[in-house]
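These questions and answers cover helix packing and strand pairing in the structure shown here.

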Amino acid sequence: MFQPTSAFIGLRYARANKGNHFIAFINFFSVVGIALGLMALITVSSVMNGFEGQLKNRVLGLVPHIVVDTSGGTEDASALDKIPGVIASSPIIESEGVLQSSKDLQGVLIQGVDPEFMQSNSIVAENMLFGRIADLKASQYGIVIGRALSIKMGLRPGDETRLIAAGASVYTPFGRMPSQRVFRVVGIYDLASEMDSKVVFTHIDDNARLLRQKRVKLQKTRLFLEDAFDYKQIEQQISLPTDNWRSRQGPLFDAVKMEKNMMSLMLLLIVAVAAFNIVSALVMVVTEKQGDIAILRTQGMPVGQVMNIFLFNGMFNGLKGTLFGLLGGLLLVSQLNSILSVMGSPVALGNNGEGLPIDIRWSQVWFMVSMSILLCFLATLYPAYRAVKVEPARALQYE
């Protein structure tokens, strides 16, 4: 098999370190460092992706992706369904209010919804602990609340609670009073998010009556997107006024993204430190092999081939560490929950009490592998440059 001379000599130097145990020791730990750093990078990134996905499903399952102002009934909302990236649309009336029980008071966001539509399209319908969201019937004043809110307020299915609208009022003999009605708890959901204690659902007609206005004047259109993060592209195709989830939950997702990026940067620096151990090992190899370099130069080997010898030498260790890190990282991620269970530290943060949420994104994995290889290549440049600067006459004068 044809093999370039520089590659043959470089790989031979990389594998034949028995004559210098110190160089072999540094090479070994540079390979181990690269592998461990890449393993940690793949593992942490996959877990952080999983957490972001869980947060996206749980929080944005309650918060509307986009709300289009179609109030007044003069605009045609049916065309919104045809926009690429929009799964479906539904009428909604949102308002703020206060939920009162015999135990406590709690400010809430009231979402007046179409129950039949929400039953077939909303993640809330898939996470009901009691009842169904379709149990909300017009004029029956039913309410669906989160598990966290039900515990805090001491409410159980079938209990009655008072819902006070913050944006509507009525005049009574005792003066101006906020509009309020008694609602009956017909369902409890659990998305295991902070929004569970803040969002309640009523029938859209009941919410309009609570606000003392006609439904057509308050009703807006809620859009369900294939990917909530693509809201900008969708909004650009809508001429009506819109509101999106970022105005409510943007800082939370920005914080998660920043934390993920900083963690990745820290772990990538670990890979960089390990990769640049190659520099010290190769510099010592160049010093040890000065006689060989001088002989090759006197026999007519071009400068570029001499440089390639040490590039191949360094890249051999870099590629070996990257390969071990890639395989080890994928194996660790796939078995992470099993390992935690064996260690007696199971974590139940996924859906339905599952373990750590794992989301391996191959584009990220290949980017990490590419960065590892690039860092290893950069680490070999200086030693290779030192090799071509060896003067044959001086290196051979004592040989």
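Q: What is the handedness of the crossing of helix 9 and helix 13?
A: In this predicted model, the axes of helix 9 (residues 277-288) and helix 13 (residues 362-388) come within 9 Å. They cross at roughly 20 degrees. The handedness of this crossing is right-handed.

Q: Are helix 9 and helix 13 roughly parallel or roughly antiparallel to each other?
A: The axes of the two helices cross at roughly 20 degrees. Angles under 35 degrees count as roughly parallel. Helix 9 and helix 13 are therefore roughly parallel.

Q: How many residues of the contact of helix 9 with helix 13 are nonpolar?
A: On the helix 9 side, I278, V279, L282, V283 and V286 take part, and they meet residues of helix 13 including C376, A379 and Y382. The contact of helix 9 with helix 13 has one polar and one charged residue, and its nonpolar residues number 10.

Q: Are helix 11 and helix 13 roughly parallel or roughly antiparallel to each other?
A: Helix 11 (residues 303-334) packs on helix 13 with the axes 8 Å apart and at an angle of about 150 degrees. Angles over 145 degrees count as roughly antiparallel. Helix 11 and helix 13 are therefore roughly antiparallel.

Q: Which residue in strand 9 stands opposite A88?
A: Strand 2 (residues 86-100) and strand 9 (residues 220-225) run antiparallel and are joined by six bridges. Opposite A88, the residue in strand 9 is F224.

Q: Which residue in strand 3 is the bridge partner of Q100?
A: Strand 2 pairs with strand 3 (residues 105-113) in the antiparallel sense, over nine bridges. A hairpin of four residues joins the two strands. The bridge partner of Q100 in strand 3 is L105.

Q: Which residue in strand 8 is the bridge partner of V113?
A: Strand 3 and strand 8 run parallel, joined by five bridges. In strand 8, V113 has as its bridge partner H203.

Q: Is strand 8 largely enclosed by the rest of the structure or exposed, and why?
A: Strand 8 also pairs with strand 5 (residues 142-146), in the antiparallel sense and over two bridges; there, I143 has T202 as its bridge partner. Five of the five residues of strand 8 (residues 199-203) are buried, so by this count strand 8 is largely enclosed.

Note on methods:
Residues are numbered from 1 along each chain as its sequence is written. This is a predicted model: local features need pLDDT of at least 70, side-chain atom pairs count only at pLDDT 80 or more; totals for chains, interfaces and linings use all residues. Side-chain values use heavy atoms; hydrogens and water are left out. Axes are lines fitted to C-alpha atoms, for helices over the stretch in contact, and angles run from 0 to 180 degrees between N-to-C directions. Angles under 35 degrees count as roughly parallel, over 145 as roughly antiparallel, 65 to 115 as roughly perpendicular and the rest as oblique. A crossing is left-handed if the near helix is turned anticlockwise from the far one by less than a right angle, and right-handed if clockwise. Contact means heavy atoms within 4.5 Å. Ala, Val, Leu, Ile, Met, Phe, Trp, Tyr, Cys and Pro count as nonpolar, Asp, Glu, Lys and Arg as charged, and the others, Gly among them, as polar. Two strands pair if DSSP finds at least two bridges between them. Buried means under 20% relative accessible area, exposed over 50%, partly exposed in between (1.4 Å probe, protein chains only).
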